[in-house]
Amino acid sequence: MIKRNEMMDRPVIENDVREYLRKEQKQLSGELRKIEMWANERRVPIIPHETVTFFNWLLPILQPKEILEIGTAIGFSAGLMIQASSTGSHVTTIERNPDMIEKAKVNFETLGISDQVTLLEGQASDWLEKLKNESIDFIFMDSAKAKYYDFFPLCYELLKKGGVIAIDDVLQGGTILDDRSDVPRRRRKIHEKLNAFLDVVLDHPALDASIIPLGDGLLLITKRESFDFGFMLTGEPRA
Ligand SMILES: C[S@@+](CC[C@H](N)C(=O)[O-])C[C@H]1O[C@@H](n2cnc3c(N)ncnc32)[C@H](O)[C@@H]1O
């Protein structure tokens, strides 16, 4: 089943500003626009249009050759990243939901980019272990939010020095700031793990991090120095 995302209705900026960013900024064209509209009409979770225009601005500057994405869904952001990057870019993208995988494969064919995409089917944690020796220029993390904490050490290791990780939905409609006792039980794990993740990275000396209030909060990280964040996996005290 293709799931909807309840946080889509909880913008971290005022609604009229969000609508302005979505409607007045440049629209996509061709098949990518059709995929964006298809997803938005059905409320299938893809990056919102303000993040689309930001990626269309950012990626031509970064010109990543090797991109890794966690959370393919129907392949919209993977298609966007390929179109916005340098010619000859390649995306490795991980997805566990079979319905999403099926739709993503069709979309990659429609976009004519199947030969630039490696779609890894299954759990991101399994694949990240296998990718260990890759050297990635740009990583987009857009999967289960409670897992960012666990995925980050391996992603940081896979990233080239000077490379960038973009991490979506870190503000959770602003609820990330709520007191734990005010957070409904079903959302507590996400709340705890996202806060723990932000505590580690926001002022870490090995990297530069900045949260942009686009969509539900996009965290950008540049790798300045190699650093072993393995303590996050072992539960050891913070290094
Ligand atoms: C928000 S959607 C991704 C949207 C996509 N990046 C886009 O903008 O077009 C998140 C996707 O991540 C997948 N996902 C969540 N946790 C995952 C995991 N641990 N391993 C693999 N896929 C995962 C979900 O099945 C879902 O399709």
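Here are some notes on the cores, the salt bridges and the ligand site of this predicted model.

1. Ground rules. The model is predicted, so local features need pLDDT of at least 70 and side-chain atom pairs count only at pLDDT 80 or more, while totals for chains, interfaces and linings use all residues. Residues are numbered from 1 along each chain as its sequence is written, and side-chain values use heavy atoms, with hydrogens and water left out.

2. The largest core. Start with the largest nonpolar core, which has 38 residues. A nonpolar core here is a set of buried Ala, Val, Leu, Ile, Met, Phe, Trp, Tyr and Cys residues joined through side-chain atoms within 4.5 Å. Buried means under 20% relative accessible area, exposed means over 50%, and partly exposed is in between (1.4 Å probe, protein chains only). The members that touch the most others are Leu128, Met141, Phe152, Ile165, Ile167 and Phe197. Elements giving two or more residues to this core include strand E1 (66–70), strand E4 (136–141), helix H7 (148–158), strand E5 (159–167) and helix H8 (188–201). H7 gives the most, with eight residues. Helices (H or I, at least four residues) and strands (E, at least two) are DSSP runs, numbered from the N terminus. In soluble globular proteins, nonpolar side chains tend to be buried together.

3. What does Ile167 touch, leaving out residues up to four places away in sequence? The list is Met141, Tyr148, Phe197, Gly217, Leu218, Leu219 and Ile221, with contact meaning heavy atoms within 4.5 Å. There is also a second, separate core of 37 residues, and Leu32, Ile35, Ile67 and Ala104 are among them.

4. The structure holds 13 salt bridges, each a side-chain nitrogen of Lys or Arg within 4 Å of a carboxyl oxygen of Asp or Glu. One of them joins Glu31 to Lys34, with the closest N and O atoms 3.3 Å apart. Both residues sit in helix H2 (residues 30–42), three residues apart, or about one turn of the helix. Glu31 is partly exposed at 32% relative accessibility, whereas Lys34 is exposed at 52%. Elsewhere, Arg18, Glu19 and Lys23 are linked in a network of salt bridges.

5. Salt bridges between elements. Glu121 and Lys105 meet through their side chains at 2.9 Å, N to O. Glu121 is in strand E3 (residues 117–121) and Lys105 in helix H5 (residues 98–111), so this pair ties together parts 16 residues apart in sequence. Both ends are partly exposed: Glu121 at 42% and Lys105 at 41%. Asp137 pairs with Lys160, where the closest N and O atoms are 2.9 Å apart. Because Asp137 lies in strand E4 and Lys160 in strand E5, the bridge ties together parts that are 23 residues apart in sequence. Asp137 counts as buried at 17%, while Lys160 is partly exposed at 36%.

6. The ligand. Which residues come nearest to the ligand, of the 21 around it? They are Ile47, Gly71, Ser77, Glu95 and Asp142; a residue counts as near if one of its heavy atoms lies within 4 Å. A polar backbone atom of Ile47 is 2.9 Å from a ligand oxygen. Ligand nitrogen atoms lie 3.5 Å from a polar side-chain atom of Glu69 and 3.1 Å from one of Gln123. The protein covers 92% of the 600 Å² of accessible area that the ligand has on its own, by the Shrake-Rupley method with a 1.4 Å probe.

How values were computed:
Polar contact = N/O pair within 3.5 Å; in protein donor to acceptor, adjacent residues only side chain to side chain.
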